[in-house]
Amino acid sequence: MVTSQIPNIKALTNQINEMLAKLNVPGIDPAALVEEQSRNIEAVVRATQVANKGAYDVADKQLELFRAASSQLLMMFADTGLAGKERTELAKQAYEMALNGSREIASVAAKASHDASAIAHHRMTENFERFRKAATPRKDT
């Protein structure tokens, strides 16, 4: 990727802070607004990384299963001395291996999805809690 296309987050943050400071809205802390959005972006990045790792793990597991099943099937077809019953047993084992692998893949995918959504949920909960506190009238005023 060309580095000139990658935004300079620090410079962008400074520009946003300057723009918000110029607005000078009473009761609004520009630095706090930028910090909140920065936390939101960090949460999205973490969630994306977790989801990507899960997708990689799923693909890796699928490749592992394909290799194992292919090897077993090749062995079955290559050995002409195998009786029909032995071939049936090898095919059954290959099927069970694929079925168990599919369960593992589903489990890996579900965990990755859960972990990624947990990051987003945690950040949303933080945002709602901060908003609730900010929107609740103080009793000392």
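A residue is called buried when its relative accessible area is under 20%, exposed when over 50%, and partly exposed in between (1.4 Å probe, protein chains only). The model is predicted, so local features need pLDDT of at least 70 and side-chain atom pairs count only at pLDDT 80 or more, while totals for chains, interfaces and linings use all residues. Residues are numbered from 1 along each chain as its sequence is written, and side-chain values use heavy atoms, with hydrogens and water left out.

**Salt bridges overall**
- The structure contains nine salt bridges, each defined as a side-chain nitrogen of Lys or Arg within 4 Å of a carboxyl oxygen of Asp or Glu.
- A network of salt bridges links Glu35, Glu36, Arg39, Arg123, Glu126 and Arg130.

**Pairs within one helix**
- Helices are DSSP runs (H or I, at least four residues), numbered from the N terminus.
- Glu36 and Arg39 form a salt bridge at 2.9 Å, N to O; the two are three residues apart in helix H2 (residues 30-78), about one helical turn.
- Glu36 is buried at 17%, whereas Arg39 is partly exposed at 29%.
- Glu126 and Arg123 form a salt bridge at 2.6 Å, N to O, and they too lie three residues apart, in helix H3, separated by about one helical turn.
- Glu126 is partly exposed, with a relative accessible area of 29%.

**A pair between helices**
- Glu104 and Lys61 meet in a salt bridge at 3.0 Å, N to O.
- This pair links distant parts of the chain, with Glu104 in helix H3 (residues 84-135) and Lys61 in helix H2, 43 residues apart.
- Glu104 is partly exposed at 42%, whereas Lys61 is buried at 14%.
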